[in-house]
Amino acid sequence: MPRPFPIPRPDPPKAGRPAYDPSPLQAADELHAGNVDIAAKVYKSAMGRTQVHGWIAGTLDEAHDLVQELMQRSAPVGEFLTFAGASCYCKAGKLSGKSRWRHALRSWLRMGHAPRVQEYFNMCWLHNRHFQVPLPMVGGVVRRHGLPSYQFLITRQILGSQTLDVALGSESPPARRELLEELAKEVGQIGRAHV
């Protein structure tokens, strides 16, 4: 059972104030391995068995309810939404065909997780070691008849962020060099951390 982490919910919007205020959520950026309990919970529904991994008390239930809605969509999901009182990015979609069987086999042989679940664990590992990654909130998979059929990942939105190609295209050559050097340092740290 995860320990409750004190992430305050935003107050109702007032005149002249936006609905989402990120300032009370800055404490979540201070997370590290010493104060995070990873938890998992399995839910049964008409859609299948949903396994959700997360670390904030209450978000596992919220994620399960959200995924039940997302599974009704025919197209993959990639959108910003409010989750656990914060602005987050959700990516989710169906697993089908060969990929469904491949990931089922990997799971049965204990060789890995569904891609979004593995991505959740990878991002937790990186964040716990102070790498600059979006804060992973929850990741999970829905199984039907033992086969993974749907997967999802929700991460905190990084406010004011840009994609690398936009950032590089808008900067001067010296600033581009600085960005690439910082990226090289991050990638190098990841390589050293795995050794």
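Predicted model: local features only at pLDDT ≥ 70, side-chain atom pairs only at ≥ 80, totals over all residues.
Residues are numbered from 1 along each chain as its sequence is written, and side-chain values use heavy atoms, leaving out hydrogens and water.

**Exercise 1.** Find how many helices and strands the chain has, and their order.

*Solution.* Start with the terms: helices (H or I, at least four residues) and strands (E, at least two) are DSSP runs, numbered from the N terminus. Counting gives five helices and six strands. Reading from the N terminus, the order is β-β-α-β-β-α-α-β-β-α-α.

**Exercise 2.** Decide whether Ala 84 and Glu 178 are buried or exposed.

*Solution.* First, take the cut-offs: buried means under 20% relative accessible area, exposed over 50%, and partly exposed in between (1.4 Å probe, protein chains only). Next, Ala 84, in the loop between β3 and β4, has a relative accessible area of 6%, so Ala 84 is buried. Then, Glu 178, in helix α5 (residues 173-194), counts as exposed because its relative accessibility is 58%. For the whole chain, 38% of the 195 residues count as buried.

**Exercise 3.** Describe the backbone of Ala 84 by its phi.

*Solution.* Look up the residue type: Ala 84 is not a glycine. Now read the angle: the phi of Ala 84 is positive, about 55°.
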